Amino acid sequence: MERITPILIEHFDAEPTVTMCAQAVDALEAGSILLLPYLSFKLLAEETQFLTAQAVEPKRKNVSYDWRLQKTKGDSYIGELHQKLQQLLARYANQANILVNSLFPHYTKSIQLARTSYRPVEAFDRTNLSNRKDDRLLHTDAFPASPTQGWRILRVFSNINLNREPRVWRVGENFEKVAARFLPHLKTKNSLVRHLLNSVNITRGLQTNYDAAMLQLHDLMKKDQAYQDDPLNQMIELPAETTWLVFTDQVPHAVISGQFCLEQTFYLPVQAMTYPERSPLKILERLMNKPLV
Ligand SMILES: O=C(O)CCC(=O)C(=O)O
Ligand SMILES: [Fe+2]
């Protein structure tokens with residue numbers, strides 16, 4: 001499997017051919033990063049003022065937009081500028097949604113559009129992060145407060161850096177290898193505790209055995225220096241003014257450097273996949289020989 005698969009689409013509302021869609025879904029679900037080298041998200045002239053690290057509140061790394069509530073959090077603006085930045089994020093959410101629905105027509109019925117984020121801080125410079133929160137370390141995504149209960153995490157990223165600076169990532173080997181490496185270290189979590197966390201709303205929804213396994217994998221990967229230094233990990237450059245899509249719950253990734261990136265998260269049920277057996281859920285269930293949700 002190639003770590004990067006180029007997809008030659010030039011517009012968010014392009015109408016890809018059936019063949020292109022089939023190739024895209026096959027590569028994506030196999031754990032490849034789909035890179036769209038000709039697809040850039042264009043800022044309006046007045047929006048280039050948001051290309052500054054000061055766009056985000058001090059000590060935060062992301063601005064986040066919730067399309068359901070139509071609310072933006074974490075930015076340092078008020079009044080009209082706050083509204084303008086929100087419009088940018090809303091436009092990105094909309095464009096990313098159009099792209100995903102046209103490239104993956106089989107997902108349309110059940111895919112969910114989630115948070116949108118803007119990342120204006122130079123990733124290389126981030127300081128004061130605990131290991132667990134440091135995305136400069138290789139990991140697969142799992143969110144402590146938001147159990148996915150097996151649903152997939154699909155993310156669309158657009159590098160909106162206008163100084164030609166790429167976003168540099170390190171990517172690891174396929175999910176099955178990582179899972180097999182760390183599986184012997186997974187502990188069973190007390191289900192009483194998990195129900196309690198849910199009932200007092202510390203988690204949004206019940207943390208299933210799948211979520212508990214994915215959270216531990218995330219933490220174990222970040223903590224393991226030998227894994228981080230594995231020569232099979234590859235450095236990749238995601239060029240300025242391009243877009244890429246990846247299942248971040250499946251592909252081990254770390255951000256090394258880069259500034260000014262937009263990101264849109266989607267959740268997808270495993271049954272909606274073209275090849276569900278390639279999902280982390282089905283791989284873990286096979287390796288552990290038991291149902292996890
Ligand atoms: O900011 C990035 O480039 C990637 C950070 C990350 O780990 C993620 O979005 O899942
Ligand atoms: Fe991540």
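Let me start with strand E7, residues 167-171, which is joined to E10 by four bridges, the two strands running antiparallel. Two strands count as paired if DSSP finds at least two bridges between them. Within this pair, tryptophan 169 has valine 255 in E10 as its bridge partner.

Before going on, a word on the source: this is a predicted model, where local features need pLDDT of at least 70 and side-chain atom pairs count only at pLDDT 80 or more, while totals for chains, interfaces and linings use all residues. Residues are numbered from 1 along each chain as its sequence is written, and chains are lettered from A and ligands numbered from 1 in the order in which they are written.

Back to the strands. E7 and E10 belong to an open sheet of three strands, in the order E8-E7-E10, with antiparallel pairing. Its edge strands are E8 (234-238) and E10, each of which pairs on one side only. From one strand to the next, the twist averages 30 degrees.

Now another set of strands. E3 (residues 63-66) pairs with E5 (residues 112-119) in the antiparallel sense, over three bridges. Here tyrosine 65 stands opposite threonine 116 in E5. E5 also pairs with E11 in the antiparallel sense, over six bridges. Tyrosine 118 has leucine 262 in E11 as its bridge partner.

Next, the ligand. Which elements give two or more residues to the shell around ligand 1? First the shell: among the residues around ligand 1 are Arg119, Asp135, Asp141, Arg155, His253 and Glu263. A residue is taken as near if its C-beta atom, placed from the backbone, lies within 6 Å of the molecule. The elements asked about are strand E10 (253-257) and strand E11 (261-268).

Last, the helices. H3 (residues 175-182) and H7 (residues 280-288) pack at an angle of about 40 degrees, with their axes 10 Å apart. Axes are lines fitted to C-alpha atoms, for helices over the stretch in contact, and angles run from 0 to 180 degrees between N-to-C directions. H3 and H7 are therefore oblique to each other; angles under 35 degrees count as roughly parallel, over 145 as roughly antiparallel, 65 to 115 as roughly perpendicular and the rest as oblique. Phe175, Glu176, Ala179 and Ala180 in H3 meet Pro280, Ile283, Leu284 and Leu287 in H7, contact meaning C-beta atoms, placed from the backbone, within 7 Å.

Methods: Two residues are in contact if their C-beta atoms, placed from the backbone, lie within 7 Å.
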